[in-house]
Amino acid sequence: MRMSRLFSKTLREAPNGADSKGYEYLLRAGFIRQLGAGIFSLLPFGFNATKKIEQIIREEMNAIGGQEILMPLVNPADIWKETGRYYSIDKEMSRFSDRVGRDMVLAMTHEEAVTDLARGEIDSYKRLPLLVYQIQTKWRDDPRPRAGLIRVREFTMKDSYSFDVDQDGLDAQYAAHYKAYFRIFSRAGLPVIVVGADSGMMGGKISHEYMYLSSIGEDTIITCPACGYTANRQVAAFAKTSYTEEMKPVEKVLTPECKTIEELAAFLKIEERQTAKAVFMVGTFINDTNGEEEEKLIVGIVRGDLDVEENKLQNAARANALRPAHSEEILAKGMVPGYGSAIGCAKDVLVIVDDSVANSNNLVAGANEEGYHLLNTNFGRDYSGLVADIASAAAGYACPECGKPLSSSKGVEVGNIFQLNTRYSESMNCCYQDENGVRKPVIMGSYGIGVGRLLACLAENYSDENGLSLPISVAPMQVHLVSLVKDAEVGENLYKQLTSAGIEVLYDDRKESAGVKFADADLIGLPIRITLGNRSLKEGKVEVKLRRNLEDTFSFELASVVEETKALITRLEQELEEAVVETEWKKA
RNA sequence: CGGGUAGUAGCGCAGGGGCUAGCGCACUUGGUUCGGGACCAAGGGGUCGGAGGUUCAAAUCCUCUCUGCCCGACCA
């Protein structure tokens with residue numbers, strides 16, 4: 001590619017809103033351009049890098065038996081009605097109707113489409129196991145796209161779907177993905193960790209997320225430095241101390257102006273752990289068959305020294321969505337905000353009690369009366385409810401596995417794997433006949449990688465104060481040939497030699513000053529830079545630099561540039577191959 | 001969806017009832033320079049996001065609206 005003919009140009013200043021380094025450089029180097037909120041075009045560099053990432057994904061998916069297919073972005077709503085997600089997913093899914101009024105949707109994922117495909121193809125256990133995948137556009141009308149390519153509305157995703165006769169088969173495919181994902185990310189050069197995750201709208205049980213740890217991330221990851229336990233905070237467990245003692249009688253006390261746990265503990269001169277905190281939410285429950293919504297007040301009770309993890313609460317409540325309750329809604333059920341507890345609340349309130357509360361005695365709880373609290377309340381004796389883990393893990397808490405202190409960090413989810421089991425095959429009647437002629441639902445798994453998000457994370461990880469420096473496996477091209485000599489012939493010849501040897505070359509043939517060319521080369525950050533200048537040409541040499549280390553310059557003989565460049569490319573590629581991480585999944 | 005903020009040349013910004021709307025970068029032409037974002041000269045480029053209103057006069061004031069960004073809610 002000649003830079004004089006390149007479609008994109010570099011920007012000296014970052015467009016407004018480019019707040020992270022990676023995003024800024026992707027824009028300035030001409031990889032991407034924004035069209036609307038959460039909607040981006042890929043320019044030649046960005047598209048090239050994307051194709052490289054996709055190729056790595058293809059190779060690894062093929063290696064575990066994946067067959068590439070392509071499913072439509074536009075789906076008839078019928079299949080989404082079959083699984084109920086047409087009703088349970090809110091505005092995040094865009095809907096429209098076609099010319100004759102049929103309900104249509106833009107697919108935000110392809111479980112429905114693939115299950116529809118599978119039920120037509122799979123008839124016998126002899127056909128299983130199967131694995132298909134695609135690299136396809138998804139549309140999710142996120143209420144708040146942000147951070148460049150990290151959180152967008154239209155994006156490219158690799159999604160694969162496994163089909164098996166039983167749990168063992170699913171486990172095997174899950175394990176294969178678990179390992180393949182580590183290979184994919186390490187071949188691309190992105191450091192990731194795997195965390196236990198919530199399965200969210202996907203349904204199913206076991207799932208893991210692949211996280212790139214970075215301050216630009218929106219997920220909070222809880223990890224144990226001592227034993228390696230990791231989980232998304234949404235589901236992270238921790239060891240809770242229980243404080244059991246003999247139950248004492250309930251006593252009502254005046255506690256004016258004590259609306260927070262902190263004030264209450266200070267007023268009563270007790271520790272926060274000796275109190276019970278009530279959090280009021282309204283859960284939406286959706287009937288999958290008719291799509292009717294109903295709301296229900298949920299009270300989450302945790303010990304005063306802990307916080308409620310809303311995601312855990314939502315899962316424990318089996319609610320479709322949660323929102324904070326309004327004061328009137330709480331009062332209507334016999335409870336008083338600021339002085340609230342589940343004691344004496346209306347019967348149709350869903351009470352969910354954290355095990356920390358169930359395992360502690362004589363806690364101070366709200367009296368459901370303005371200005372009063374109750375001493376010595378005990379779960380089971382004074383009120384009842386569903387016991388679950390609804391407390392939020394945080395740094396410093398004890399690891400659930402080894403008891404050592406946990407730590408927390410921010411991460412970007414770049415991939416995930418889910419065991420769907422029969423969530424989709426049952427509702428869509430995707431069945432096979434077993435050896436005995438019995439029809440059974442296919443056991444499914446689904447596995448995603450955000451391609452653009454991966455590029456964004458790579459840009460973030462591989463950049464310095466001068467620009468990008470992507471690894472050779474994903475860089476848009478391999479070599480940046482910078483010509484500083486007036487005589488175009490030397491450059492032209494070298495460009496032809498290199499490209500005809502199969503090397504990907506960006507040739508800066510522009511009439512620009514050396515400073516401009518170097519600055520652009522730094523910004524675009526191709527891994528190998530070959531500079532043609534009078535200084536070295538006199539000695540029959542060209543200068544070579546690696547982008548990742550601009551300090552070091554070495555040289556190639558002009559006569560053997562092609563061979564030496566090839567060898568250098570091979571060396572860089574091998575480095576990445578050698579760093580590939582092989583990690584096995586161990587079923588708990 | 002709530003709160004904030006901003007829309008003026010391709011990008012970054014200034015101007016804030018009055019005459020021809022500016023600056024830097026980028027772009028065009030000519031010349032000089034030529035190994036880390038060169039210099040001189042001459043140019044081109046704008047329905048000031050949109051609609052309505054106030055006014056003798058609106059980029060500027062008012063109303064509505066659209067769009068981007070940030071925080072929150074939300075998020076496989």
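Which domains does the domain assignment of chain A give? I looked this up at the start, keeping in mind that the model is predicted, and found domain 1 (28–74 + 110–235 + 408–460), domain 2 (251–388) and domain 3 (470–578).

**Entry on domains 1 and 2.** I noted that the C-alpha centres of domain 1 and domain 2 lie 37 Å apart, and that four residues from domain 1 and four residues from domain 2 take part in the contact. The area buried between these two domains is about 370 Å², with carbon and sulfur atoms giving 31% of that area. I found one residue pair in polar contact between domain 1 and domain 2, whereas the count of salt bridges across their interface is zero.

**Entry on salt bridges.** I then turned to the salt bridges, for which the count comes to 40. I looked up Glu-582 and Arg-183, whose side chains meet with N to O at 2.6 Å; because Glu-582 lies in the segment after helix H16 (561–578) and Arg-183 in helix H6 (residues 167–188), the pair ties together parts that are 399 residues apart in sequence. Both residues also belong to a network of salt bridges that links them with Glu-59, Glu-60, Arg-187 and Glu-577.

For the salt bridge of Asp-464 with Arg-547, I found the closest N and O atoms 2.8 Å apart, Asp-464 being partly exposed at 24% relative accessible area and Arg-547 buried at 2%. I also checked Arg-303 and Asp-305, which form a salt bridge at 3.0 Å, and there Arg-303 is buried at 2% while Asp-305 is partly exposed at 30%.

Conventions: Residues numbered from 1 in each chain as written. Chains lettered and ligands numbered in written order. Predicted model: local features only at pLDDT ≥ 70, side-chain atom pairs only at ≥ 80, totals over all residues. Heavy atoms only, no water. Domains from an automatic or database assignment. Contact = heavy atoms within 4.5 Å. Buried area = accessible area lost by both parts, 1.4 Å probe. Salt bridge = Lys/Arg side-chain N within 4 Å of Asp/Glu carboxyl O. Polar contact = N/O pair within 3.5 Å; in protein donor to acceptor, adjacent residues only side chain to side chain. Helix = DSSP H or I, 4+ residues; strand = E, 2+ residues; numbered from the N terminus. Buried < 20%, exposed > 50% of the residue type's maximum accessible area, 1.4 Å probe, protein only.
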